[in-house]
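Colleague: Could you walk me through how to read a strand pair and a helix here? I have the model open and would like a guided look.

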Amino acid sequence: MRHGSIPGAHGRVRPLSLLGDPVLHAPCAEVTDFGPELAALVEDLFATMYAARGVGLAANQIGEPVRVFVYDCPDDEDERHLGHLVNPRLVETGGVVVRGPEGCLSLPGLEAGTERHDEAVVTGFTATGEPVTVRGTGFFARCLQHECDHLEGGIYVDRLTGWRRRRVLRQAARASWSRAADVPEGTR
Ligand SMILES: [Zn+2]
């Protein structure tokens, strides 16, 4: 980001990919070109995340199957974490495993108790190719794990079992945004 600029101010709000869209359910490609198109993608991700009132957004959620996500997310101490990561790798998780409410802009209006580690460390790069390490705890650690899952083609529903999984998929099938015919077998 240039000095004084607000993330997303130059971005375009893009349509969100929803549950069942194949782009959400396949691994994303490594970024190799750290040029202006990547900077524009990061801006679009921020603009779309803020428009949808999210705390994190992965590139495949706007139809771009590349390894990039953005976040503007509080932790459990209400400290704000704002940034983006290119080619992120979840290198460490730790602490207790906590089941807490988790939602996703690709399943609007729904949430389910999902187990996540309380601590997460992610390494990656900025849009200009500088290496970065991001450490999160609490809700921000949950966000980092959730966004890393997206880039592997996963969604939080994949981590649910039993009645929690059945309930959120039933709610998704009934939701106004749902195209139930497109929900892949594995996520029913
Ligand atoms: Zn999500």
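Colleague: Which residue stands opposite Val122 in strand 5?

Modeller: Some ground rules come before that. This is a predicted model, where local features need pLDDT of at least 70, side-chain atom pairs count only at pLDDT 80 or more, and totals for chains, interfaces and linings use all residues. Residues are numbered from 1 along each chain as its sequence is written. Helices (H or I, at least four residues) and strands (E, at least two) are DSSP runs, numbered from the N terminus, and two strands pair if DSSP finds at least two bridges between them. In your case, Val122 faces Val134. Strand 4 (residues 111-125) and strand 5 (residues 131-137) pair in the antiparallel sense over 7 bridges.

Colleague: What phi does Gly129 take in the hairpin of strand 4 and strand 5?

Modeller: A positive one, near 90°; that hairpin has 5 residues between the strands.

Colleague: Now helix 3: which of its residues are buried?

Modeller: Buried means that 20 or more other C-beta atoms lie within 10 Å of a residue's own, exposed that 12 or fewer do, and partly exposed falls in between, with C-beta atoms placed from the backbone. Val168, Leu169 and Ala172 are buried in helix 3. They cover an arc of only 100° around the axis (taken from the directions from the helix axis to the C-beta atoms), which puts them on the same side of helix 3.

Colleague: Which exposed residues does the face turned away from that buried side carry?

Modeller: Gly162, Trp163, Arg166, Arg170 and Arg174. Gly162 counts as exposed because it has 7 other C-beta atoms within 10 Å.
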